[in-house]
Amino acid sequence: MAELLKPTAEVYPIRTVSAITGINPVTLRAWERRYGLVKPRRTETGHRVYSARDIDKINRATMLVGKGHSISQVATMLEVAQESSQQPDNVAGNSWADYRSRMFTAIAAFREDELDDIYNEVLALFSLDVVQRQLIIPLLKHLGERWESGAGSVAEEHFFAFYLRNKLGARFHHRGQRNLGPLLVTACLPGESHETGLLLFSLAALDRGFRLVNLGADMPLEDLPLVARRAVADGLVLSGHMEPQAENLGAKLQALVRRAPVPVFVGGQISARHPDLIEKSGGIVLGEDIEDALGRLESQFSSRQGEAR
């Protein structure tokens, strides 16, 4: 049964949803009645209206139907996926372990078509935030450990990183254009060529309302104060995965903190390995967990706004 619309909700009539998703109104109503795929609300006059979340779910369903699943199967798959994403990691771990195994097999065989099928299937079932936490980040860590131990090749890591750069980069450029939060200038530390972690952080930051200027890999620290001033930034966020030259977390970071008109934050694996050195240089440690890092940033800017009042 459709829920009554709240006056302040941002919703779309069925004709608009049909134009956005390519699914005609008759089919949309059938998906609702027979399978409970979405549960649109009703206006006071009884017309169906859909939320952005409803539209996203319809698009996911359309993608899975296009891969050969029946709509009844899709409705069940999306319901199970929603329940899994709300459960603790140890409860829903088996399905994620299977996805990671399948994706790693495709990476090890350098099969981009198989990799793409799995990635798209997972995104049709889960939000990008959940996919990042449960699939992408663990896979990146596994590939890095394989390379360091000699069990795998650097080609595996490069193959997956290039694939993700294209996928995540496209999403990055189509999101956050209307955000009103603090402006962050983000960049990788000098000598750091692994920018996947920075892109994952950037996408999550956009979802939390931040505005971004992303400078990518291997950024000279001495150029950042000028960028921060011209962009009228609120903070600088540096990311590092590989072990940096000592001066980049020492003398050069100290110089950056002195010259920068805004706070300097350092995240990624580097910040977990060298927190004392970063703090000694005047930087603020974010750690390698993206959600924790964003929470610290929000707390930092919230306290600064309070002081300004």
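The model is a predicted one, with local features taken only at pLDDT of at least 70 and side-chain atom pairs only at pLDDT 80 or more, while totals for chains, interfaces and linings use all residues. Residues are numbered from 1 along each chain as its sequence is written, and side-chain values use heavy atoms, with hydrogens and water left out.

Of its 309 residues, 44% count as buried, where buried means under 20% relative accessible area, exposed means over 50%, and partly exposed is in between (1.4 Å probe, protein chains only). The protein exposes about 16,300 Å², and carbon and sulfur atoms supply 50% of that; the areas come from the Shrake-Rupley method with a 1.4 Å probe, and for residues only the protein chains shown count as cover. Taking contacts between residues at least 6 apart in sequence, 69% join residues at least 24 apart, a contact being heavy atoms within 4.5 Å.

Strand 5 (residues 183–188) runs parallel to strand 7 and is joined to it by 5 bridges; two strands pair if DSSP finds at least two bridges between them. Within that pairing, Cys 188 has Ser 239 of strand 7 as its bridge partner.

Strand 7 also pairs with strand 8 (residues 264–267), through 4 bridges and again in parallel. Ser 239 turns up here too, with Gly 267 of strand 8 as its bridge partner, and Val 237 is partnered by Phe 265. Strand 8 is likewise covered on both faces: Val 264 and Val 266 are buried on one side, Phe 265 and Gly 267 on the other. The chain of pairings carries on to strand 9, which runs parallel to strand 8 and is joined to it by 3 bridges. Phe 265 takes part in that pairing as well, with Ile 284 of strand 9 as its bridge partner.

Now for the pockets. The largest pocket has a volume of about 1,200 Å³. On a 1 Å grid over the protein atoms alone, a pocket is an open set of points with protein on both sides within 12 Å along at least five of seven lines, whereas a cavity is a set where a 1.4 Å probe fits but cannot get out; lining residues have an atom within 4 Å of a point. Grid points are joined across faces, edges and corners, and a volume is the space filled by probe spheres set on the points. The lining of the largest pocket has 33 residues, and Arg 53, Asp 54, Asp 56, Lys 57 and Arg 60 lie nearest its centre. Helix 3 (52–66), helix 4 (71–85), helix 6 (112–125), helix 7 (128–149) and helix 8 (154–172) each supply at least two lining residues, and helix 3 gives the largest share, 9 residues. By type, this lining divides into 16 nonpolar, 8 polar and 9 charged residues, counting Ala, Val, Leu, Ile, Met, Phe, Trp, Tyr, Cys and Pro as nonpolar, Asp, Glu, Lys and Arg as charged, and the others, Gly among them, as polar.

The second largest pocket has about 570 Å³ of space. Its lining is made up of 28 residues, with Gly 197, His 241, Gly 268, Gln 269 and Glu 288 the closest to its centre. Two or more lining residues come from each of helix 7, helix 8, helix 9 (196–207), strand 7, strand 9 (284–287) and helix 14 (290–308). Helix 7 gives the largest share, 6 residues, and the lining splits into 11 nonpolar, 11 polar and 6 charged.

Phe 110, in the loop between helix 5 (93–108) and helix 6, has a positive phi of about 55° although it is not a glycine. Asp 218 has a positive phi of about 50°, and is not a glycine either; Asp 218 lies in the loop between strand 6 (211–214) and helix 10 (224–231). Phe 110 is partly exposed at 41% relative accessible area, and Asp 218 is partly exposed at 46%. Leu 125, in helix 6, is buried at 8% relative accessibility. Leu 125 is 64 residues from Ala 61 in sequence, with 8.5 Å between them in space, C-alpha to C-alpha.
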